[in-house]
Amino acid sequence: WAYSRHPNYVCEITFHLGVACAALGGCGGVGAAWLSLLGPAAFVAIMLTATDSLEREVPHFLPTHSRY
């Protein structure tokens, strides 16, 4: 908790970055490399967006969350 308030998101993002690295290893060309990065990049973007919106919305529902 000292490094991230959402450690499960950090693990998910790390996993999908690993999937992207593994996918790049099997690519035969530049087009395939871009396509193999598309899925993990989209997932990481969704996770970062969800985390950001969650951090903005929670104080409205839980006023004591800022002390956390």
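User: Where is Ala 45 found?
Analyst: In this predicted model, Ala 45 is found in helix H2, which covers residues 30–61.

User: How far apart are the C-alpha atoms of Ala 45 and Ile 13?
Analyst: They are separated by 9.3 Å, and the two residues are 32 apart along the chain.

User: What about the overall fold, how many helices and strands are there?
Analyst: The protein has two helices and zero strands. Helix H1 spans residues 7–25, and helix H2 spans residues 30–61.

User: How much of the protein is buried?
Analyst: Of its 68 residues, 19% count as buried. The accessible surface is about 5,200 Å², and carbon and sulfur atoms account for 71% of that area.

User: And which share of the contacts joins residues at least 24 apart?
Analyst: That share is 58%, taken among contacts between residues at least 6 apart in sequence.

User: Let us turn to His 16. Which helix is it in?
Analyst: His 16 belongs to helix H1.

User: Why does His 16 count as buried?
Analyst: His 16 has a relative accessibility of 19%, so it counts as buried, the limit being under 20%.

User: What does His 16 touch?
Analyst: Setting aside residues up to four places away in sequence, His 16 touches Pro 40 and Phe 43.

User: Now Ser 36, where is that one, and is it buried or exposed?
Analyst: Ser 36 is placed in helix H2. It counts as buried because its relative accessibility is 17%.

User: What does the side chain of Ser 36 reach?
Analyst: The side chain of Ser 36 reaches the backbone oxygen of Ala 33, at 2.8 Å.

User: Which residues is Ser 36 in contact with, leaving aside neighbours within four places?
Analyst: Ser 36 is then in contact with Ala 23, Leu 24 and Cys 27.

How values were computed. Residues numbered from 1 in each chain as written. Predicted model: local features only at pLDDT ≥ 70, side-chain atom pairs only at ≥ 80, totals over all residues. Heavy atoms only, no water. Helix = DSSP H or I, 4+ residues; strand = E, 2+ residues; numbered from the N terminus. Buried < 20%, exposed > 50% of the residue type's maximum accessible area, 1.4 Å probe, protein only. Contact = heavy atoms within 4.5 Å. Areas by Shrake-Rupley, 256 points an atom, 1.4 Å probe, with all protein chains shown as cover. Polar contact = N/O pair within 3.5 Å; in protein donor to acceptor, adjacent residues only side chain to side chain.
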